[in-house]
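Here's a quick briefing on one protein chain, for reading alongside the model. Have the sequence and the 3D view open as you go.

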Amino acid sequence: MNRSAVKIGISLIILLAMIPLYYFFNPAVAKEKASTSKNEKSELHAKASAAPKKQAEQKDAANESQKKDQEDITAANKNEETVKEESVTTETASSDVTKEIQRDFLVVIDPGHQRHANVGKEPVGPGAAETKMKVTGGTSGVATGKPEYQLALEASLILGELLEKQGVKVIYTRKTHDVNLSNKERAEFANQNRADLFIRIHADGSTDKSVSGLSVLTPAKNDPYTKAIYEESLKASQLILDETKKNTAVKVNGISYRSDLSGFNWSQVPSTLVEMGFMSNPVEDRNLSDPTYLTNLLTNVADGILQYASLKK
Ligand SMILES: [Zn+2]
């Protein structure tokens, strides 16, 4: 044997030995690669599925809270009184505010008339064929020359302040003279705010200058539009009248039952109207423009309202 034959022999042996080695290592590498890519894939899959899972969780939470809200509404409808007294921790901030308003006694004060009358017509009550002027100009003081709409707002703001001092919630239908609010709209404002009492502030006028005195107007018993509010309105009207009678400086005439007033007929909440006195009477007109007399009188009106409010507690 020569040396080159030995070299070829060794080379062949090495080559032959590499064949199984190749097969041994190659499938292993391939298997490992496949397994790594599978791991990456499943990790990606996990990442991808995590997002929808999170969304699903949020959706569930949203559904849960919606369900809770619906339950709350149902509970509120079932028993408003009970819900009022219950803890409000699960409620939203806005419904807390609403409840706070409902918990307090709410008076809607309507200062009668406005700077410019609206001679347009509106039905005197829901479904009525008969119509009436939307809002009249009101009377004016024979001695002071003051228009009724001005006195009504002055008095309303004093009354509101007196009530607020006693913890009563007050909303006004108007705080300026330049509004366009019909009597129907004023009543609807009280309805929308679910007022515990709707009080309208006016002053009287007569062609007879000697006529004087305060009157409280209340819905009439035979009025088809105010059947639901007749009794409560009368209760409030009577209490206000009784308190004003205690004031020796004020002449008090009594209660007047009315079925012709749109401001009562459109109201779904207890309603009353104070005619503070006659602006056609020079003495009473001057008195009504005297802040001391007016505040004194309105203190009696406020006391009557507070007595009515105390019945509701
Ligand atoms: Zn008036």
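This is a predicted model: local features need pLDDT of at least 70, side-chain atom pairs count only at pLDDT 80 or more; totals for chains, interfaces and linings use all residues.

Residues are numbered from 1 along each chain as its sequence is written. The protein chain has nine helices and eight strands; these are DSSP runs numbered from the N terminus, with helices being H or I of at least four residues and strands E of at least two.

**Overall make-up**

- Of the 313 residues in the protein chain, 32% are buried. Buried stands for 20 or more other C-beta atoms within 10 Å of a residue's own, exposed for 12 or fewer, and partly exposed for anything in between, with C-beta atoms placed from the backbone.
- Take the contacts in the protein chain with a separation of 6 or more, and 78% of them join residues 24 or more positions apart. Two residues are in contact if their C-beta atoms, placed from the backbone, lie within 7 Å.

**The core**

- The largest nonpolar core has 47 residues, and Val 107, Leu 159 and Ile 305 touch the most other members. A nonpolar core here is a set of buried Ala, Val, Leu, Ile, Met, Phe, Trp, Tyr and Cys residues joined through C-beta atoms within 7 Å.
- Two or more residues of this core come from each of β1, α4 (148-165), α5, β5, β6, α6, β8 and α9. Helix α4 gives the most, with eight residues.
- Setting aside residues up to four places away in sequence, Ile 305 touches Val 107, Leu 163, Leu 197, Ile 199 and Ile 240.

- The expected span is 1.5 Å times one less than the number of residues.
- Buried residues of α4 include Leu 151, Ala 155, Leu 159 and Leu 163. The buried residues of this helix pack against β1, β4 (169-172), β5, β8, α8 (282-288) and α9.
- Gly 167 comes after α4 and has a positive phi, near 85°.
- The axes of α4 and α9 come within 9 Å and cross at roughly 50°. Axes are lines fitted to C-alpha atoms, for helices over the stretch in contact, and angles run from 0 to 180 degrees between N-to-C directions.
- That makes α4 and α9 oblique to each other. Under 35 degrees counts as roughly parallel, over 145 as roughly antiparallel, 65 to 115 as roughly perpendicular, and the rest as oblique.
- On the α4 side, Ala 155, Ile 158, Leu 159, Leu 162 and Leu 163 meet α9 residues including Leu 294, Leu 298 and Ile 305.

- Helix α6 (residues 230-245) has 16 residues and reaches 22 Å from its first C-alpha to its last, close to the 22 Å expected.
- Among its buried residues are Tyr 230, Leu 239, Ile 240 and Glu 243. Their cover includes β5 (197-204), β6 (214-219), β7 (252-258), β8 (271-278) and α9 (291-311).
- α6 and α9 pack at an angle of about 140°, with axes 8 Å apart, and are therefore oblique to each other. This crossing is right-handed.
- The contact involves residues including Leu 239 and Ile 240 of α6, and Val 301 and Ile 305 of α9.

**Asn 183**

- Asn 183 lies in helix α5 and is buried, with 27 other C-beta atoms within 10 Å.
- Asn 183 and Val 135 are 48 residues apart along the chain, yet their C-alpha atoms are separated by 5.9 Å.
- Leaving out neighbours within four places in sequence, Asn 183 is in contact with Lys 134, Val 135, Ser 262 and Gly 263.

**Loop residues**

- His 113 sits in the loop between β1 (106-111) and β2 (118-123). Its phi is positive, near 65°, in a residue other than glycine, and His 113 is buried, with 27 other C-beta atoms within 10 Å.
- Arg 194, in the loop between α5 (183-192) and β5, has a positive phi of about 50° although it is not a glycine. Arg 194 counts as partly exposed, with 13 C-beta neighbours inside 10 Å.

Note on methods:
A crossing is left-handed if the near helix is turned anticlockwise from the far one by less than a right angle, and right-handed if clockwise.
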